[in-house]
Amino acid sequence: MTQKLLTSAIKNAARKFPLGSQDGKRGDALVLARFFTPASAYTWYMLEYDEENDEAFGYIVGPEPEYGYFSVKELQEARMQSGFLRGMQAVERDISVDPKKRTLADLLKAYGEKAPSWWQEKASA
């Protein structure tokens, strides 16, 4: 069974958070969705989304955590490449994350993931 990554609730919430809408909010940015790979150490925290172009922006936790753009369609289509799970959906949506209910800092702390060190620096005027 394939899990739908973008539910209607996420799409509706995302309309209020187009690309660029949460710039500068750092850990106070509201998370629309959390996607993860159970078989590896990648997590995507979706903060903004452009449905027309399937372009999402968020905080991506992997070997080198960073902010970046990604395609939800590509995450949806990704499949396991080996083992007994070969062909199964590789990326899942965290069903415990409600759109716009929790901040990025809150979720990073809840999942034991590090926030960027530069969040502590004062924003330049």
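A nonpolar core is a set of buried Ala, Val, Leu, Ile, Met, Phe, Trp, Tyr and Cys residues joined through side-chain atoms within 4.5 Å. Buried means under 20% relative accessible area, exposed over 50%, and partly exposed in between, with a 1.4 Å probe and protein chains only.

**Before I start.** I am looking at a predicted model, where local features need pLDDT of at least 70, side-chain atom pairs count only at pLDDT 80 or more, and totals for chains, interfaces and linings use all residues. I number residues from 1 along each chain as its sequence is written, and side-chain values use heavy atoms, leaving out hydrogens and water.

**The core.** I looked up the largest nonpolar core and found 19 residues, with Phe35, Met46, Phe70 and Val72 having the most contacts inside it. At least two residues of this core come from each of α1 (8-14), β1 (33-36), β2 (43-50), β3 (55-61) and α2 (72-77). Another core, of 11 residues, lies apart from it and includes Trp119 and Leu47.

**The elements.** I noted three helices and five strands in the protein chain. Helices (H or I, at least four residues) and strands (E, at least two) are DSSP runs, numbered from the N terminus. Their order from the N terminus is α-β-β-β-β-α-β-α.

**Burial.** I checked the 125 residues of the protein chain, and 41% count as buried.

**Met46.** Contact means heavy atoms within 4.5 Å. Leaving aside neighbours within four places in sequence, I saw Met46 in contact with residues including Leu6, Ile10, Phe35, Phe57 and Phe70.

**Asp23.** I found Asp23 in the loop between α1 and β1. Asp23 counts as exposed because its relative accessibility is 57%. Its C-alpha atom is 9.6 Å from that of Glu48, 25 residues apart along the chain.
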